[in-house]
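Please read it alongside the sequence and the coordinates.

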Protein chains: 2
Amino acid sequence: MRNFDEHTITQAVIASLSATTNPRIRQISESLVRHLHDFVREIEPTQAEWAQAIEFLTAAGHITDHKRQEFILLSDTLGVSMLVDAINHRLPDGATETTVLGPFYVQNPPEFPNGANISAGTDGEPLLVTGSVRDTHGNGLAGAVIDVWHSDEDGYYDVQHTEAEGPNMRARLRARDDGSFSFWTTMPAAYPIPHDGPVGKMLELQGRHPYRPGHVHFMIGHGGFETLVTHVFVEGDPYLDSDVVFGVKDSLISRFEHLPAGPAPDGTVQERPCRHLNYDFVLAPAKT
Amino acid sequence: MRNFDEHTITQAVIASLSATTNPRIRQISESLVRHLHDFVREIEPTQAEWAQAIEFLTAAGHITDHKRQEFILLSDTLGVSMLVDAINHRLPDGATETTVLGPFYVQNPPEFPNGANISAGTDGEPLLVTGSVRDTHGNGLAGAVIDVWHSDEDGYYDVQHTEAEGPNMRARLRARDDGSFSFWTTMPAAYPIPHDGPVGKMLELQGRHPYRPGHVHFMIGHGGFETLVTHVFVEGDPYLDSDVVFGVKDSLISRFEHLPAGPAPDGTVQERPCRHLNYDFVLAPAKT
């Protein structure tokens with residue numbers, strides 16, 4: 001194996017993979033080499049451009065720590081995360097559509113009963129969220145585990161605040177016997193993804209803003225069903241058509257209705273105006 | 001821009017690049033998105049595999065520092081560095097072929113006169129290197145700047161030794177009026193690229209060894225000519241046909257002749273047996 005030119009080197013690298021024992025690793029490695037080489041042959045980078053690519057990846061690695069994941073941001077902003085999501089969620093008709101997990105999910109959020117306020121002490125417009133978890137036949141899924149998380153009115157998640165005061169605007173609830181659930185929180189806001197690193201620089205050079213439209217995240221699991229990872233987006237948000245991570249689907253946009261002070265749909269009486277989101281989630285059967 | 005599926009998302013991401021002002025950045029971004037998405041569609045990664053890819057890149061970033069560059073190793077071992085090299089060096093007939101720079105070049109090496117020993121104090125078989133620097137018409141290039149660097153007999157470069165004793169086995173020489181040069185050093189050895197990080201793990205999973213055949217690096221510059229970055233490989237090295245970075249070309253393999261003690265080709269008298277490499281380098285005219 002010698003004397004490779006810009007055309008023969010691809011086959012040479014693929015030939016070097018012939019001793020790969022795991023067939024999946026061999027498949028991924030071969031495909032990566034073919035597509036990566038095709039990309040390089042197409043753009044014909046100068047040595048200086050190649051060095052800039054190495055520097056970009058290095059900077060992304062160096063800014064990444066346990067609270068910041070620049071490679072996920074890169075995957076998100078290049079549409080790769082949503083592509084992987086789509087490939088892994090070819091769902092039956094009627095099942096709720098999926099979107100990206102995002103970088104702000106925290107394992108095992110605090111448990112709350114239905115009706116609780118999960119953002120106590122947070123400034124912002126009060127928001128009542130009601131809904132249900134059902135199968136594709138419309139049956140309520142009693143006990144379904146509902147993880148919810150969202151930003152504050154300034155667009156920040158609890159984990160982005162350096163003065164850590166513990167979890168806020170995130171909770172685990174369980175669906176009632178009829179599949180319904182409800183909780184109080186505050187309105188989320190549109191926000192920019194962290195853009196003070198290499199991905200932010202990339203977006204700037206590409207003439208793109210770093211914003212995501214306001215949304216509430218849901219992860220809903222129940223035995224025998226695919227775990228649903230999705231958002232519900234705020235109808236009317238100005239960024240719905242230019243979400244920097246390409247995550248918006250019409251079926252996931254919902255009205256966050258304005259309600260006057262007084263009786264609320266959950267039977268409580270509110271002293272100030274509030275908002276109300278109602279969304280019915282439908283889980284797909286587990287793949288066998 | 002909403003409701004993307006696994007087929008429409010690629011065009012959506014490309015459409016988001018329409019405000020890119022720099023045409024080269026737009027071209028590279030679009031090509032990257034197309035090839036990256038094609039790769040993902042071809043391998044259909046699970047969410048777990050996608051997360052492993054993120055972890056791999058993160059680990060590569062975290063092991064990279066001013067002395068270790070894992071992303072260059074990744075580019076080298078996937079054949080990308082040699083591909084970029086080939087694209088950037090479509091040379092006229094007769095010009096010396098190029099190969100990768102590698103991670104061990106140090107700017108502004110110490111200057112030595114012709115005939116000097118550039119590895120004084122290093123254990124190893126003495127090696128006399130003689131040769132010339134010429135244009136494609138055979139004219140010697142007086143004053144051409146010749147940077148040279150190589151490993152010790154154990155396969156390590158000076159910068160890999162933690163007890164830094166200053167530069168060793170690296171030098172800058174200048175061609176004599178007739179284009180010739182000569183220096184003494186020690187024989188280089190085959191060596192593994194650093195393989196205690198994610199790239200080493202990748203090679204292991206791909207059933208590949210991490211070795212490069214023994215070689216001496218040269219970077220040769222002269223006004224009006226393309227700077228030549230290349231190696232001369234040791235004839236007979238067992239890794240010539242499986243160089244982990246795909247850098248070997250027949251024209252760059254040379255005999256490192258065994259000489260008995262006694263008079264050497266440079267007019268000196270040696271007390272012990274030594275080796276002798278003679279190589280004539282030919283520079284291509286600068287691109288206009």
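**Notes on the predicted model**

1. The largest nonpolar core has 50 residues, and those with the most contacts inside it are A:Ile9, A:Met82, A:Leu83, B:Ile9, B:Met82 and B:Leu83. A nonpolar core here is a set of buried Ala, Val, Leu, Ile, Met, Phe, Trp, Tyr and Cys residues joined through C-beta atoms within 7 Å. Buried denotes 20 or more other C-beta atoms within 10 Å of a residue's own, with C-beta atoms placed from the backbone.

2. This is a predicted model, in which local features need pLDDT of at least 70 and side-chain atom pairs count only at pLDDT 80 or more, while totals for chains, interfaces and linings use all residues. Residues are numbered from 1 along each chain as its sequence is written, and chains are lettered from A and ligands numbered from 1 in the order in which they are written.

3. B:Leu83 touches A:Glu6, A:Ile9, A:His37 and A:Val40, leaving out residues up to four places away in sequence. Contact means that the C-beta atoms of two residues, placed from the backbone, lie within 7 Å.

4. Between the chains, 65 residues of chain B are in contact with 65 residues of chain A. On the chain B side, two or more residues each come from H1 (9–15), H2 (23–43), H3 (47–63), H4 (70–77) and H5 (80–88). H2(B) gives the most, with 15 residues. Helices (H or I, at least four residues) and strands (E, at least two) are DSSP runs, numbered from the N terminus. This side of chain B divides into 33 nonpolar, 22 polar and 10 charged residues; nonpolar covers Ala, Val, Leu, Ile, Met, Phe, Trp, Tyr, Cys and Pro, charged covers Asp, Glu, Lys and Arg, and the others, Gly among them, are polar.

5. Chain A is assigned domain 1 (9–77) and domain 2 (82–282), with bounds from an automatic or database domain assignment. The centres of these domains, taken over C-alpha atoms, are 33 Å apart. Domain 1 of chain A brings 13 residues to the contact and domain 2 of chain A brings 11 residues. On the domain 1 side, H4(A) has the largest share, 6 residues.

6. In chain B, 4 strands form an open sheet in the order S4-S1-S13-S10, with mixed pairing. Its edge strands are S4 (180–186) and S10 (257–259), each pairing on one side only. Strands pair if DSSP finds at least two bridges between them. S10(B) and S13(B) (274–282) are antiparallel over 3 bridges, and B:Leu259 stands opposite B:Cys274 in S13(B).

Key. Buried ≥ 20, exposed ≤ 12 C-beta atoms within 10 Å, placed from the backbone.
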